[in-house]
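Trainee: I am new to this structure. Please show me how to read a few of its features.

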Amino acid sequence: MKKLSETGKSKAEGVRGYVDARMDGVKFQIVKGLASVVSSVASFLLLFILGGTLLTALSFALVLWLGEVLHSYAIAAFIVSGGLAVLLLLAVLLRKVLFRNTFISAFSGIFLPGTRIKDRRDLEMAELKNDVRIQKEEAEMLRTFFDPASLLNLVIGLFSGKKKGRK
């Protein structure tokens, strides 16, 4: 019975140490990733606000200049608005390429260093490969914990414990 409890304790301590180390690694990655994400979002917002302000000022200046040249501020405003509408249409049409893939590659670089994930297709392939890896790791863990010697010690320990309990 002593062998069984020692084997179980040593395996439990090994698993506990492994899980603690992995959890610390995950915590470090989360801190690093969150700091990077918040920094990226803050810089994106700052650039967006400054860019929007600049675009507004330049649009207003262009309307005033074109209004003087064309002798009609209304026509100048329609021309500038049309140019901004074309830019908006391009941004809407290219939003997946401009934003989603950019964020996928940025976040994969933060949370999965060393991977080469560039777009959604690469991310889905990486997920499938990781699912296969998880299944292999689970099978290996089950094989290690339930090897014939451990099971035999467990059965012997259970039956020898019952006999001692009857006396």
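This is a predicted model: local features need pLDDT of at least 70, side-chain atom pairs count only at pLDDT 80 or more; totals for chains, interfaces and linings use all residues.

Trainee: Where is the place of His71?

Mentor: His71 sits in the loop between helix H1 (2–70) and helix H2 (73–93).

Trainee: Is His71 buried or exposed?

Mentor: His71 has a relative accessible area of 73%. The cut-off for exposed is over 50%, so His71 is exposed.

Trainee: Now the rings. How many aromatic pairs does the structure hold?

Mentor: The structure holds 1 aromatic pair. Phe44 and Phe48 form it.

Trainee: How is such a pair described?

Mentor: A pair of aromatic rings is described by the distance of the centres and the angle of the planes. For Phe44 and Phe48, the centres are 6.3 Å apart and the planes are at 20°. Planes under 30 degrees apart count as stacked, so this pair is stacked.

Trainee: Where do Phe44 and Phe48 lie?

Mentor: Both lie in helix H1, 4 residues apart. That is about one turn of the helix. Phe44 is partly exposed, at 42% relative accessible area. Phe48 counts as exposed, at 58%.

Trainee: Last, burial. Why does Ser59 count as buried?

Mentor: Buried means under 20% relative accessible area. Ser59, in helix H1, has 14%, so Ser59 is buried.

Trainee: Which residues is Ser59 in contact with, leaving aside neighbours within four places in sequence?

Mentor: Ser59 is then in contact with Val80 and Leu84.

Methods. Residues are numbered from 1 along each chain as its sequence is written. Side-chain values use heavy atoms; hydrogens and water are left out. Helices (H or I, at least four residues) and strands (E, at least two) are DSSP runs, numbered from the N terminus. Buried means under 20% relative accessible area, exposed over 50%, partly exposed in between (1.4 Å probe, protein chains only). Rings of Phe, Tyr and Trp (its six-membered ring) pair if their centres lie within 6.5 Å; planes under 30 degrees apart count as stacked, over 60 as edge-to-face and the rest as tilted. Contact means heavy atoms within 4.5 Å.
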